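Please keep the sequence and the coordinates at hand while reading.

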Amino acid sequence: MDKPKILVVDDNPTIRKGLSIRLRANGYEVVFAEDAISATAALITEEPDLMLLDLGLPAGDGFVVMERLHKNDRLSNIPVIVLSGRELAGNRDRALQAGAAAFFQKPVEDGTLLFAIKKALDISRGELRFDQ
Amino acid sequence: MPTQPSSDLSAYLSHELRNALACIHQFGNILVDGLAGKLTSEQREYVSIMLENASTIRSVLDSALDGVPGTPEKLPNKIETYF
């Protein structure tokens, strides 16, 4: 079975590197984008199994990326986990309403994030229902 | 307890400090977990001290910026809420 592919979208190269080390160590393939435009392009070219999305991005923000994702029928089922440094107020609820499967404020525990990724992938493959 | 900072300052501090803290957490845990090679017990102890103090800073940030009393043992775990 192929490794699940995760698109990591963050404008901070150190965050991208840290996430890639952790995700690859846990059996995931990792691809990157550093702004809203390259994130949209990577969604189309890479067709990842899941996207880890920062909100504060150059050339648009994470909400713009989610909006573009959900307008594309072929890509709209890709689960999104938001990992943001922004304050909770106004961002958490907005991200969830925009279709994010989960919202985490940085820094997040690795185990918590990996659990969320696995669960989101299981749900997206139909191996788990949302209430399980 | 200090008064809440203005919303612009709060947003700036949240973004900048949380990203910096995330880097400390990420790479500290990468070291502790041996993903960059095995540490001696002394090296592991020192990195763990760094991580504990980073968690303390995070708790202060939670309280000051989001009004959420935090403890180093209670990093966000909202997965039960949103799935």
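Two strands pair if DSSP finds at least two bridges between them. Helices (H or I, at least four residues) and strands (E, at least two) are DSSP runs, numbered from the N terminus. The model is predicted, and local features need pLDDT of at least 70, side-chain atom pairs count only at pLDDT 80 or more, and totals for chains, interfaces and linings use all residues. Residues are numbered from 1 along each chain as its sequence is written, while chains are lettered from A and ligands numbered from 1 in the order in which they are written.

The description begins with β1(A). This strand pairs with β3(A) in the parallel sense over four bridges, and Ile6(A) stands opposite Leu50(A) in β3(A). β1(A) also pairs with β2(A), again in the parallel sense, over five bridges; here the bridge partner of Ile6(A) is Val30(A) in β2(A). From β1(A) the chain passes through α1(A) to β2(A) in a right-handed β-α-β crossover. A crossover is right-handed if, with the strands pointing away from the viewer, the path from the first strand over the helix to the second runs clockwise. Burial is defined by neighbour count: a residue is buried if 20 or more other C-beta atoms lie within 10 Å of its own, exposed if 12 or fewer, and partly exposed in between, with C-beta atoms placed from the backbone. Four of the five residues of β1(A) are buried, so this strand is largely enclosed by the rest of the structure.

On β4(A), five of the five residues are buried, so this strand too is largely enclosed by the rest of the structure. Val80(A), Val82(A) and Ser84(A) point one way from β4(A), and Ile81(A) and Leu83(A) point the other way. β4(A) pairs in the parallel sense with β3(A) over three bridges, where Leu52(A) stands opposite Ile81(A). With β5(A), β4(A) pairs in the parallel sense over four bridges, and Phe103(A) in β5(A) is the bridge partner of Val82(A). Two right-handed β-α-β units include β4(A): one is made with β3(A) and helix α3(A), and another with helix α4(A) and β5(A).

Pro79(A) lies in the loop between α3 and β4 of chain A. It counts as buried, with 22 C-beta neighbours inside 10 Å. Two residues are in contact if their C-beta atoms, placed from the backbone, lie within 7 Å. Leaving aside neighbours within four places in sequence, Pro79(A) is in contact with Leu50(A), Ala101(A), Ala120(A) and Ser124(A).

The helix α1(A) has 13 residues, which at 1.5 Å a residue should span 18 Å, and its end C-alpha atoms are 18 Å apart, in agreement. The expected span is 1.5 Å times one less than the number of residues. The buried residues of α1(A) are Ile15(A), Gly18(A), Leu19(A), Arg22(A) and Leu23(A). Seen down the helix axis, these fall within an arc of 125°, so they line one face of the helix; the arc is that of the directions from the helix axis to the C-beta atoms. Their cover includes β1, β2, β3 and α5 of chain A together with α1 of chain B.

Finally, 29 residues of chain A are in contact with 25 residues of chain B. On the side of chain A that touches chain B, α1, β5 and α5 of chain A each supply at least two residues, and the largest share, seven residues, comes from α1(A).
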